[in-house]
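Me: Hi! Could you walk me through this one before I set anything up?

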Amino acid sequence: MHWQQNPLPELKALQKRFIRRHATQPDIPAKQHTIDAYDQLLSGSWITQEMAYV
């Protein structure tokens with residue numbers, strides 16, 4: 001098989017085919033965690049809370 005018979009597409013052609021220029025992004029709401037949640041994470045007490053849900 002010769003690569004010259006089936007040349008690879010050019011980068012510009014691939015970009016034109018696959019890259020969406022004006023694609024809309026999903027609206028993902030940001031959630032601010034409480035300071036207590038960060039304290040639990042740092043102290044390791046989140047493990048006991050996770051076990052309570054199982």
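**Fold and confidence**

Reply: Happy to. Along the sequence, the protein chain runs in the pattern α-α-α. Keep in mind that this is a predicted model.

Me: How many helices and strands does the protein chain have?

Reply: The count is three helices and zero strands.

Me: And what does the confidence look like, on average, for the protein chain?

Reply: The mean pLDDT of the protein chain is 78, and 74% of the residues score at least 70.

Me: Which elements have the lowest and the highest mean pLDDT?

Reply: Helix 3 (residues 46-53) has the lowest, at 61, while helix 1 (residues 11-18) has the highest, at 91. Where pLDDT is low, predicted coordinates should not be read in detail.

Me: Switching to surface: what share of the protein chain is buried?

Reply: Buried residues account for 0% of the 54 residues. The accessible surface of the protein chain is about 6,200 Å², and carbon and sulfur atoms contribute 59% of that.

Me: Which residues form a nonpolar patch on the surface?

Reply: Ile35, Tyr38 and Leu41 do, with about 320 Å² of accessible area together.

Me: Where is Ile35 placed?

Reply: Ile35 sits in helix 2, which covers residues 35-43.

Me: Is Ile35 buried or exposed, and why?

Reply: Ile35 is exposed, because its relative accessible area is 62% and the cut-off for exposed is over 50%.

Methods. Residues numbered from 1 in each chain as written. Predicted model: local features only at pLDDT ≥ 70, side-chain atom pairs only at ≥ 80, totals over all residues. Heavy atoms only, no water. Patch = residues over 30% accessible without salt bridge, like charges linked within 9 Å, V, L, I, M, F, W, Y side chains within 5 Å. Areas by Shrake-Rupley, 256 points an atom, 1.4 Å probe, with all protein chains shown as cover. Salt bridge = Lys/Arg side-chain N within 4 Å of Asp/Glu carboxyl O. Helix = DSSP H or I, 4+ residues; strand = E, 2+ residues; numbered from the N terminus. Buried < 20%, exposed > 50% of the residue type's maximum accessible area, 1.4 Å probe, protein only. pLDDT = per-residue confidence, 0-100.
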